[in-house]
Amino acid sequence: MTSNSPSSPSPGSDTSGQPPDEILRLLERNIRDYAIFMLDPDGHVMTWNAAAERIKGYSAEEIIGQHFSTFYLPEDLAVGRPEHNLQTAVREGRVEDEGWRVRRDGSRFWANVVITALYDERRQLRGFGKVTRDMTERRRAEQALRESEERFRLLVQDVTDYAIFMLDATGHVISWNAGAERIKGYSAQEITGRHFAVFYPREDVAAGRPEHNLETAMREGRVEDEGWRLRQDGSRFWANVVITALYDDRRRLRGFGKVTRDMTERREAERNLSDRRRLLAHLVRAQEAERRRIAWDVHDDSIQEMAAVGMRLQLLAEQLSEPQAGQLGELGDRVNDAVNRLRNLVTRLRPPGIDRQSLAAALSDYLAETGADWGVKSTVENKLVTEPPPESAVTIFRICQEALTNVRKHAQAKAVTIRLSPQGSGVLTQVIDDGMGIEEPSDLRPGPDHFGVIEMRERAETVGGWWTMARRAEGGTVVEFWIPAPSGESPIRAGDW
Amino acid sequence: MTAAAPPLTVLICDDDARIREALRDVINAQPDLTVVALAADADQAVALAARQHPDVAIIDVRMPGGGAATAREVRDQSPDTRILAFSAHHDNGAIREMEQAGALDYVVKGAPIRDIVSAVRRVGSAESPDDPADQ
């Protein structure tokens, strides 16, 4: 219990139940949103407040004594709306009206008007209380909302790529759009009210998949499902389905939103693509097998034969005197040169050791062997944890070979680095040099393939990877490519080589 | 090279007869070298090495039975025989395997014959190689 200070009586201490006039006047002056005034029994303005002045534009002096029909539009006056409102108020005690009214400057505002008939103790009509609210802003907002909702509804209605519709809480269709009709074949009349299980193949219905999807959506908010669905004519399409549970403010389930997309074409395209990839992989395999066979033939026959001939020519040259010795010696040298060229051919046809050692080791060997000839410091950075399957390894090796040929021919580099790192389900390879750098993008334009760009890119894209070449900011060129390296495939290791 | 020293004995092991015979003639043309045996595969090479104990065995990197395995077995049978690897192409992986099997050097087919014979002399006059298992 606190004692009241005698100098400041608490507001609650006034027990009359009537706020003092002063407070009422304050209230009236500060109410900005409601024009509150009185009319006499004939409809003439008797009082005016600040909000009335603000909303309608008249000062008290201007308007008091004027008939309130001044506020109405000519067309409302023509149908006697002011009088009708007063009569209704008299008859029913009050009337509420909403409509356009006119300000003093002739501009219009949307008004909500309540007119209350005021009677004294002897049931004598003394006038009317009138409360007018300027609803223009709110009306505009409501209209905008309505229009936006309408536009959205039309959008949903007219979308044909997606079936967008609603289910009630038990799974019965309650709305339908053009896309749903296009994809599933039912018209709105045909499907409304039916359970959405009709879209599922029999085996899915038997497995309880429709119910399961709804339960998951209820539990987790939404569920995404992919699988076969039925059209009205019984044909199947491959559907991607998202079901969203719709809850109201009180967390009561009101139904489900369902968006279905026909993925049949895309699925087939993907399958065709993978068929194409399989074919290309087969082609790459066949090509590599063929190259390997040629390499073996050259290695086992041509090189042996020519090396033997070379040895015999040199031997003969040692046993003869000039000028035959010199001529034979020269022939022997030429044969040896040819053997060396054949050896390089074999190396290009079939990277030595790629079947037997790791990709990184094969690349290191290749770099050590070729790099030594052109005086470039070479490094292989291997961050791979697992070896890519042989086909991927051969593709990576081949592209590296081509990139290194470019470095040797064009880059004038002092160092080259090959970096192998795992990325996603494949291998990212970078061939980085510190040479003069390509003049991109002109060097990447279609045209004569003097950088082997097309071949490198096609090799990568053939197996479903990507390839790119760019000038490095710090100088030089980087060739970067990603090759998928599926781990599930059984590795096909070549025999002893 | 002193005339009094006995020639280095050489075993040639290559599955290609053309190479085998040309190499034999090249080596035999050198007064300080002599070919004592020719082998066409691993089994022959091992048997001949066991019987002849040549100073040098020239072994083709790629041959039936495998160059490295052949080198290893030859050294088992004839520990003082030094191995020279002979190869038709640069396959560093195969060359490493030959080194691990005890080969002291290698030459490529198509090298000038003076390089080949000097490699034979170099290997033949080298210290007896360590047992590769100790490396």
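In the predicted model, helix 3 and helix 4 of chain B are roughly parallel to each other, since the axes of helix 3 (residues 67-77) and helix 4 of chain B cross at roughly 10 degrees, and angles under 35 degrees count as roughly parallel. The axes of these two helices also come within 8 Å. Two packed helices are described by the angle between their axes and the distance between the axes. At the level of residues, Gly67(B), Ala68(B) and Ala71(B) on the side of helix 3 of chain B meet Ala94(B), Glu97(B) and Met98(B) on the side of helix 4 of chain B. Sorted by class, this contact between helix 3 and helix 4 of chain B comprises four nonpolar residues, one polar residue and one charged residue.

The helix pair belongs to a chain whose secondary structure amounts to five helices and five strands, and these follow the pattern β-α-β-α-β-α-β-α-β-α when chain B is read along the sequence. Chain B has 135 residues, of which buried residues make up 50%. Among contacts in chain B between residues at least 6 apart in sequence, 64% join residues at least 24 apart.

Chain A has 497 residues, and 28% of them count as buried. Its secondary structure comes to 15 helices and 13 strands, and among contacts in chain A between residues at least 6 apart in sequence, 51% join residues at least 24 apart.

Within chain A, strand 13 (residues 477-484) pairs with strand 11 (residues 426-433) in the antiparallel sense, over seven bridges, and Gln430(A) has Glu480(A) in strand 13 of chain A as its bridge partner. Strand 13 of chain A also pairs with strand 12 (residues 466-471) of chain A, again in the antiparallel sense, over six bridges; here the bridge partner of Met469(A) is Val479(A) in strand 13 of chain A. Strand 12 and strand 13 of chain A form a hairpin in which five residues lie between the two strands, and Gly475(A) in the turn has a positive phi of about 100 degrees.

Turning to the contact between the chains, 19 residues of chain B are in contact with 27 residues of chain A. On the side of chain B that touches chain A, the elements that give two or more residues are helix 1 (17-28) and helix 4 (92-100) of chain B, and helix 1 of chain B gives the most, with six residues. By class, this side of chain B has eight nonpolar, six polar and five charged residues.

The largest nonpolar core has 55 residues, and those with the most contacts inside it are Ala45(B), Ala57(B), Ile58(B), Leu84(B), Ala85(B), Met98(B) and Val120(B). The largest share of this core, however, comes from helix 11 (residues 264-319) of chain A, which contributes nine residues. When residues up to four places away in sequence are not counted, Ala57(B) touches Leu11(B), Cys13(B), Ala45(B), Ala49(B), Val74(B), Thr81(B) and Ile83(B). Met98(B), listed among the core residues with the most contacts, is also one of the residues of helix 4 of chain B that meet helix 3 of chain B. A second, separate core of 36 residues includes Tyr366(A), Leu420(A), Ile483(A) and Ala485(A).

Technical notes: Residues are numbered from 1 along each chain as its sequence is written. Chains are lettered from A and ligands numbered from 1 in the order in which they are written. This is a predicted model: local features need pLDDT of at least 70, side-chain atom pairs count only at pLDDT 80 or more; totals for chains, interfaces and linings use all residues. Two residues are in contact if their C-beta atoms, placed from the backbone, lie within 7 Å. Helices (H or I, at least four residues) and strands (E, at least two) are DSSP runs, numbered from the N terminus. Ala, Val, Leu, Ile, Met, Phe, Trp, Tyr, Cys and Pro count as nonpolar, Asp, Glu, Lys and Arg as charged, and the others, Gly among them, as polar. A residue is buried if 20 or more other C-beta atoms lie within 10 Å of its own, exposed if 12 or fewer, and partly exposed in between; C-beta atoms are placed from the backbone. Axes are lines fitted to C-alpha atoms, for helices over the stretch in contact, and angles run from 0 to 180 degrees between N-to-C directions. Angles under 35 degrees count as roughly parallel, over 145 as roughly antiparallel, 65 to 115 as roughly perpendicular and the rest as oblique. Two strands pair if DSSP finds at least two bridges between them. A nonpolar core is a set of buried Ala, Val, Leu, Ile, Met, Phe, Trp, Tyr and Cys residues joined through C-beta atoms within 7 Å.
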